[in-house]
Amino acid sequence: MSKYFGTDGVRGDATNYLTKKLAYRIGRYIGQYPNGAQNKILIGRDTRLSGDSLDKALVDGLLKSGAIVYELGITTTPSISYLVENGDFNFGIMISASHNPFTDNGIKIFSNNGEKLSSDIEDLIEEYIDSKKDYLKIYEDDYQKRYHDSSLLIDKYIDFVASKCYVKNKYRILLDCAHGSACVVAKKLFQEKLNQDVTIINGDFDGTDINLNCGSTHLQHIIEEMETKKYDVGFAFDGDADRLMCIAENGQIIDGDFLMFASSLNLKKHNKLNQNKIVITTMSNLGLKKALKRYGIGYEEVGVGDKYVQQSLKLNGLSLGGEQSGHVIFYSDLNTGCGLLSAVHFLNIIDEEQKSPSLIVKDMKTYPQLLKNIPVKNKNQIMSCQSLLDDINEVEKLLGDDGRILVRPSGTEQLIRVMVEAKDSHTCQKYVDKIIKTIKKLNN
């Protein structure tokens, strides 16, 4: 397992873990990889307080390695993917910890095709990070000649997302920008480019409020607003706007599973669902699987992480995939999940079907699901314990075809995630508690 890179780049506490020294070293290596190349690098960040200092450290490392740096400023993660793939860049870097609190930050790197960096290159970066000597060449020329303010490039990304909208009518839309990256782009997209009737909440930022009781991970505020019946649909983004949670006109949560269900039916209707199949993860609700089966749509199931969804989409030549958390990839449009793009696609369906959001997803019924995260000292050690494996197997047999259990280590934190789906909430609680009891005993 990698020391620094997880399923979505480097991520952790911005004070003690993801330091300026670590960011500098990452910049130094990627700026000249491979073989001393003077790469053209696109870089952006979200709104969290530590982003500016990490940006400066990365840029310092990049410039000292001879790279040519194009600075976007505050932007979304999918904008980096799109602009790198469609521009003359060798790599793109996004400074963001996505849905995590402001105290965390992260560094995500995209290759020139807009895809997340391969694990082979990540291993090389880690080797350099841990080297005692900085053995890379330092370029001593005028750094400012290789640094460019490129914030206007964000408009190209907004134009791209707008080009995917075919809506003929005007809708009352509530946007929760999570005090994050969407603050910079959402109003411009939906109000100025798409001419919709837009109301924005959590649309400013101070660096410490990103994802704080708002956005795609804290939906109570937007649900309450939707229940006032003033809006046709609500869209809640996470900190870097690569995830989306939709809220129906009646306050119903339309998560990534519901969004994939509605989108797969729409793509199938237009003969655009490649191989009549989508990509889901092990966290997708059992209700999605059964709904897809009723409509004759197949699926590939992969581990949790948009990186694995994207890999499966590419390998199998499929057009749609994603996660229950709201990270949905419309692969025919973009290599990575984009909350704004997902919102536009759902708005297209609303307009085409001339139905309310709740009616669009009414044919998918979810199973009650309970997920709890348990902090532990060593997640991998506990996950390998036979007593835990035995308990998981026992629960699987008891649930049978009427539910499922998933126990997995977090990709970014010392946590074990325990999830149970069943026909009723009582059963979910009973079996989650059983597994948690075992984990706590092993953690002592």
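Predicted model: local features only at pLDDT ≥ 70, side-chain atom pairs only at ≥ 80, totals over all residues.
Trainee: How many residues of strand β19 are buried?
Mentor: Strands are DSSP runs of E with at least two residues, helices are runs of H or I with at least four, and both are numbered from the N terminus. Strand β19 covers residues 415-421 and is largely enclosed by the rest of the structure, because the buried count is 7 of the 7.

Trainee: What relative accessibility does arginine 404 have?
Mentor: Arginine 404 lies in strand β18. A contact means heavy atoms within 4.5 Å, and leaving aside neighbours within four places in sequence, arginine 404 has contacts including Met283, Gln369, Met419 and Glu421. Arginine 404 counts as buried, because its relative accessibility is 13%.

Trainee: What is the order of strands in the open sheet that holds β9?
Mentor: That sheet has 5 strands, and its pairing is mixed. β9 and β12 (253-254) stand at the edges with a single partner strand each, so one side of each is left without a neighbour in the sheet. Reading across, the order is β9-β8-β10-β11-β12.

Trainee: Which residue of β10 is the bridge partner of aspartate 176?
Mentor: Strand β8 (residues 172-176) and strand β10 (residues 233-237) run parallel, joined by 4 bridges. In β10, the partner of aspartate 176 is alanine 236.

Trainee: Which residues does serine 216 touch, beyond those up to four places away in sequence?
Mentor: Serine 216 is found in the loop between β9 (197-201) and α7 (220-226). With a relative accessible area of 6%, serine 216 is buried. The residues it touches are Ala236, Phe237, Asp238, Arg243 and Met245.

Trainee: What phi does alanine 241 have?
Mentor: Alanine 241 sits in the loop between β10 and β11 (244-247). At 0% relative accessibility, alanine 241 counts as buried. Although alanine 241 is not a glycine, its phi is positive, about 60°.

Trainee: Is asparagine 35 buried or exposed?
Mentor: Asparagine 35 lies in the loop between α1 and β3, and its phi is positive, near 55°. Proline 34 is in that loop between α1 (20-32) and β3 (40-45) too, and a cis peptide bond with omega of about -5° joins tyrosine 33 and proline 34. With a relative accessible area of 80%, asparagine 35 is exposed.

Trainee: Which residues of helix α10 are buried?
Mentor: Helix α10 covers residues 306-316, and glycine 317, with a positive phi near 65°, follows α10. The cover over the buried residues of α10 includes α4 (119-129), β13 (277-281) and β14 (298-302). Those buried residues are Asp306, Lys307, Val309, Gln310, Ser312 and Leu313.

Trainee: How far apart are the C-alpha atoms of glutamate 71 and arginine 45?
Mentor: Glutamate 71 lies in strand β4 (residues 68-74) and counts as buried at 7% relative accessibility. Along the chain, glutamate 71 and arginine 45 are 26 residues apart. Their C-alpha atoms are separated by 9.3 Å.

Trainee: What share of the residues of the whole protein is buried?
Mentor: The protein has 15 helices and 19 strands. Among contacts between residues at least 6 apart in sequence, 71% join residues at least 24 apart. Of the 444 residues, the buried share is 59%.

Definitions and conventions
Residues numbered from 1 in each chain as written. Heavy atoms only, no water. Buried < 20%, exposed > 50% of the residue type's maximum accessible area, 1.4 Å probe, protein only. Pairing = 2+ DSSP bridges.
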